[in-house]
Amino acid sequence: MFHWLEKHPFFFAVAVFVTIAFAGLIEILPNFAEASRPVIGTKPYSTLELAGRHVYIKNSCNACHSQLVRPFKSETDRYGHYSLSGEYAYDRPFLWGSKRTGPDLMRVGNYRTTDWHENHMKDPAAVVPGSIMPAYGWLFKNSADIDTAYAEQVTVNKVFAVPYNAEIPMADGSKSTVKLAATLDEAHADALEEAKVIAADMKDQDVKDAVAAGNIPEIVALIAYLNSLK
Amino acid sequence: MNKTVLAAIIVVIAMLGFTYVAVGGAGGMGGEGDWVNKLAVLGAVVLVIVTAFVVTKYVRQMQFDRASGKLADENWDGIGEYKNELPFGWAIIFLGLVIWAIWYFLVGYPVNAYSQIGEYNEEVAAHDAKFEAQYANMDDATLKEMGGSIFIVQCAPCHGLQADGMDGKAANLNHRIAEASVKHVIQNGSNNQLLGMEMPMPDRNGLMNANTGALITDAEIDSVAKYVAGGMKGTAGADVFAGVCAACHGPDGKGMDMVAPNIAEFNPTLIANVLKHGKKGVIGQMPAFNNLTDVQVKALGAYVTGLSK
């Protein structure tokens with residue numbers, strides 16, 4: 001066979017490619033698979049958090065905010081532990097961003113709370129003097145898209161085996177479970193329960209009224225998502 | 001004269017001329033140029049001459065040299081091989097590479113391999129060592145200065161640069177406690193681990209006024225809230241404080257260890273506990289700041305305590 005290959009340059013080239021590609025695969029893939037496995041404590045997003053993630057993407061937050069803490073002292077001092085690839089296991093797509101016009105948000109849930117986000121989205125300059133971030137007033141009026149979020153949950157659960165309704169080990173040794181609702185109505189009800197907890201910490205009366213009436217404004221979903229970034 | 005040598009001389013003269021035109025006017029060749037310029041020009045001249053010399057040598061070698069030496073006995077389809085010695089320099093380099101390869105396989109790659117995280121760890125260790133050496137024995141002024149700069153980065157986004165809480169978006173740290181906070185705590189109780197442990201304060205249904213023998217009333221809450229927020233001055237509300245609050249918080253409001261926190265003034269322990277556990281009150285929730293080092297917590301304690309004095 002090698003004799004035959006020596007006389008056929010095209011197939012020889014193909015054989016060389018296949019050999020080297022195979023060597024590359026067995027060297028690269030196992031490491032890659034190991035590094036991209038979820039880190040202990042990384043949970044899939046709940047319905048409301050995922051809806052908030054959609055709001056985040058829809059408003060292009062990732063154009064100005066990165067979600068990637070690099071291993072430099074200056075960054076870990078400000079943002080917390082540097083990012084690990086496994087922490088993005090359930091991010092589809094990942095939102096690393098390419099430019100920091102605003103600060104990194106990888107672990108914003110550790111050092112900002114619901115009421116701060118509320119003040120900040122309404123009027124960023126009132127909380128951070130000199131901020132060039134625009135106000136996001138419409139988030140308080142538009143409703144979050146729970147249907148799409150639930151659809152995504154079902155899809156990633158079926159296609160990528162994202163572990164919903166399964167025990168996930170946490171950093172402190174306990175187990176945690178993220179629920180995937182059985183029906184769309186149940187997903188709406190669960191998201192509303194989650195939204196009520198957030199809205200209780202908010203001051204905007206319209207938002208509180210909307211949640212009480214069974215409607216979830218985008219800001220509530222977005223805050224749920226931001227609080228989940230840890 | 002050989003044509004190649006002639007061409008080399010012409011090229012050298014042309015390039016020297018070009019160099020002179022390019023940098024001579026800038027003082028390089030003249031008397032007024034500094035020694036760096038002169039050195040650069042000298043380097044350029046040497047480069048041109050050496051290049052011309054080497055190129056000429058090898059071109060001539062290709063033109064006129066013929067292989068020489070003793071042929072090996074074997075002959076492959078008319079292609080022979082000379083029996084030349086391996087050049088000494090090559091042999092040295094080959095042996096050197098063998099030694100280097102042994103070092104690299106056993107020590108260089110496994111032990112001294114570069115890693116980004118390794119560099120980060122070294123950076124952090126170096127910084128920590130320098131920090132500890134520099135701030136081992138801080139005086140009060142340095143401690144407060146450090147606290148102030150940490151405050152700007154970590155605390156000012158909510159509490160504001162003036163620590164005034166920016167119109168009620170966070171607690172005003174220039175006063176120990178606000179009237180609204182006192183009322184909220186009395187009405188709803190509180191369990192913020194200000195003492196560093198779980199020690200819940202009851203809500204209004206568990207607060208008895210020792211003077212009247214009844215539960216605290218709305219009017220009493222108003223007056224005692226004003227009294228506490230006003231810094232325990234005056235007489236209005238003082239009796240309610242003595243009857244309701246003093247049992248745990250002490251007659252002067254300075255708290256008791258393991259019982260109740262200081263509500264008369266800030267102190268570094270209180271601030272350290274808030275930073276460790278976070279806090280939830282009438283304004284909203286403050287997150288815990290466990291990323292701060294002990295020295296930073298101490299510095300913030302000194303700074304924030306100093307704000308209300």
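## Two domains in chain A

Domain bounds come from an automatic or database domain assignment. For chain A of this predicted model, that assignment gives domain 1, residues 2-35, and domain 2, residues 47-228. Taken over C-alpha atoms, the centres of domain 1 and domain 2 of chain A are separated by 43 Å.

## Helix H8 of chain A

Let's look at one helix of chain A. H8(A) has 17 residues. From its first C-alpha to its last, H8(A) reaches 24 Å, close to the 24 Å expected at 1.5 Å a residue.

Which residues of H8(A) are buried? They are Ala187(A), Ala191(A), Ala195(A), Ile198(A) and Ala199(A). These residues cover an arc of only 105 degrees around the axis, which puts them on the same side of H8(A). Turn to the other side of H8(A) and you will find Asp185(A), Glu193(A) and Ala200(A), which are exposed. The buried residues of H8(A) have several packing partners in chain A, among them helix H3 (47-58), helix H5 (114-122) and helix H7 (146-159). H9 and H10 of chain A also pack against them.

## Helix H9 of chain A

Next comes helix H9 of chain A, residues 205-212, where Val207(A), Ala210(A) and Val211(A) are buried. Why do these buried residues line one face of the helix? Seen down the axis of H9(A), they fall within an arc of 95 degrees, so they share one face. On the other side of H9(A), the exposed residues are Gln205(A), Asp209(A) and Ala212(A).

## Where the chains meet

Now for the contact between the two chains: 17 residues of chain B are in contact with 17 residues of chain A. On the side of chain B that touches chain A, two or more residues each come from helix H4 (116-134), helix H5 (140-159) and strand S4 (285-286) of chain B. H4(B) gives the largest share of that side, six residues. By type, the residues on this side of chain B divide into ten nonpolar, five polar and two charged.

## How confident is the predictor?

For the complex, the predictor gives an ipTM of 0.77 and a pTM of 0.76. The mean pLDDT of chain B is 86, with 96% of its residues reaching 70 or more. Where in chain B is confidence lowest, and where is it highest? It is lowest in helix H1 of chain B (residues 3-23), at a mean of 83, and highest in helix H3 of chain B (residues 88-112), at 93.

Notes: Residues are numbered from 1 along each chain as its sequence is written. Chains are lettered from A and ligands numbered from 1 in the order in which they are written. This is a predicted model: local features need pLDDT of at least 70, side-chain atom pairs count only at pLDDT 80 or more; totals for chains, interfaces and linings use all residues. A residue is buried if 20 or more other C-beta atoms lie within 10 Å of its own, exposed if 12 or fewer, and partly exposed in between; C-beta atoms are placed from the backbone. Helices (H or I, at least four residues) and strands (E, at least two) are DSSP runs, numbered from the N terminus. The arc is that of the directions from the helix axis to the C-beta atoms. pLDDT is the predictor's confidence in each residue, from 0 to 100. The expected span of a helix is 1.5 Å times one less than its number of residues. Two residues are in contact if their C-beta atoms, placed from the backbone, lie within 7 Å. Ala, Val, Leu, Ile, Met, Phe, Trp, Tyr, Cys and Pro count as nonpolar, Asp, Glu, Lys and Arg as charged, and the others, Gly among them, as polar.
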